[in-house]
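Thanks for coming. Please have a look at the sequence and the fold on the screen, and then I will go through a few places in it.

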Amino acid sequence: MAPAPASSSAAMAAAPAITASSSFISSSPCSLRVSKTSPRRPTGRVSHKSSCVSSPPAVETSYKTSVPRNANMAKLQAGYLFPEIARRRAAHLLKYPEAKIISLGIGDTTEPIPDVITNAMAERAHALSTIDGYSGYGAEQGEKKLRSAIAATYYANLGIEDSDIFVSDGAKCDISRLQVLFGSNVTIAVQDPSYPAYVDSSVIMGQTGLYQQDVQKYGNIEYMRCNPENGFFPDLSTVPRTDIIFFCSPNNPTGAAASRDQLTGLVKFAKDNGSIIVYDSAYAMYISDDSPKSIFEIPGAKEVAIETASFSKYAGFTGVRLGWTVVPKELLFSDGHPVAKDFNRIVCTCFNGASNIAQAGGLACLSPEGLKAMHDVVGFYKENTEIIVDTFTSLGFNVYGAKNAPYVWVHFPGRNSWDVFAEILEKANVVTTPGSGFGPGGEGFVRVSAFGHRDNIIEAARRLKQLYK
């Protein structure tokens, strides 16, 4: 298929760029998702998705309430990263309706959930139609069997008990709940680049100053630069003290996994400064070397760290929604009050517990058959990663990440990330993610996701080779 002509470059480039410090504000409901599906792994399924994209009010009105707008929302820049990408993808399809777009942008899984997991969910769903099998509200913290299975599977011999684990509808949701827990009077540090939700939730909570356009940063946030020169791990000796440190390993978007020595240094840094680490381990199952899969492998971490995790990228639960957060009983606020007690109060107030059907799936994930099935799914995506890495390295690009994560971080020296995004979309009909969308440290890079059907990954590789040969 011939690529769409490059004449759309000006139109796409004219759209306002956004950064990791942006969030999404919409005046219209989310649009419908339509896809051609198959119960088994397809070889070339094309999925057409649109997400929540901003649009002007349908009707102009002169009436206004007397309620002031949250000033923190006004600080946010343009749209949240991934809906903005969806908007540009939709604009491209509107101009070139015959274009066969391959999406390697948003990190959304594509392969069917293994039968051993869906069968358990189906059985639980059917049981709800019986007198004996029906259940209503469950424990806000999650079902005890699942909490115990998570503790035994991922935290064996690490001193984490089932009572330390809070089951949720996903790590992203828990990040926002943790922000409610911390409140507006804390200071934060984030990796740069990093997952946009850390910064955006901080802005919404009122933890930050105004956005500084010249440096593409918010005031009152410490951006810990992570780049090839420092091995994608910040120089902690140059980082000022903050109350909260958001840290993701393997990192989204760079794919870098912190070593044991590096995490030991991070825990010491937090302890020396009296800080709390929020450790995002959503991609831990992709680790293939001896990098720690949990922050709690590091001695002393239970006194300074919280860990969030998710089934999304292991079992294909991006739509099912199930994750967990670990808040050790040893973690205390400055007044000696247990952090877990306050988080439990937040959870009980803001959440009615994860779906009982989803939790049945989570329990099946942690059975011997479920664990094998999840490892198979992860292995499939890691094979996709190898194809993408081989493609860009054969073209002479410097490529990072990939080994321990489903993301490939590709360097385009001296180029604007959104320009590269537009070029690849327009000339190859492939969606990627501009690095600057994850923070100023991502400028000059694009993130390429390995989540995709194998035939689509191979076809995308062919198009990229044709574009950059």
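I start with Cys365, which has a relative accessible area of 0%. Buried here means under 20%, so Cys365 counts as buried. Keep in mind that this is a predicted model.

Staying with cysteines, how many disulfides does the structure hold? It holds 0. Take Cys350 as a case: the nearest cysteine sulfur belongs to Cys348 and is 9.7 Å away. A disulfide needs the two sulfur atoms within 2.5 Å, and Cys350 is in no disulfide.

Next, strand S5, residues 188-192. Why do we call it largely enclosed by the rest of the structure? Because 5 of its 5 residues are buried. Both faces are covered.

With S8, residues 221-225, S5 pairs in the parallel sense over 5 bridges. With S9, residues 244-248, the pairing is again parallel, over 3 bridges. Ala189 takes part in both: its bridge partner in S8 is Glu222, and in S9 it stands opposite Ile245.

Last, two helices. Two packed helices are described by the angle and the distance between their axes. For H5, residues 144-154, and H11, residues 356-365, the axes come within 9 Å and cross at roughly 35°. The crossing is left-handed. On the H5 side, Lys145, Leu146 and Ala149 make the contact, meeting Gln359, Gly362 and Leu363 of H11. By class, that contact has 3 nonpolar, 2 polar and 1 charged residues.

Terms used. Residues numbered from 1 in each chain as written. Predicted model: local features only at pLDDT ≥ 70, side-chain atom pairs only at ≥ 80, totals over all residues. Heavy atoms only, no water. Axes fitted to C-alpha atoms, helices over the stretch in contact; angles between N-to-C directions. Helix = DSSP H or I, 4+ residues; strand = E, 2+ residues; numbered from the N terminus. Left-handed = near helix turned anticlockwise from the far one by under 90°. Contact = heavy atoms within 4.5 Å. Nonpolar A, V, L, I, M, F, W, Y, C, P; charged D, E, K, R; others polar. Buried < 20%, exposed > 50% of the residue type's maximum accessible area, 1.4 Å probe, protein only. Pairing = 2+ DSSP bridges.
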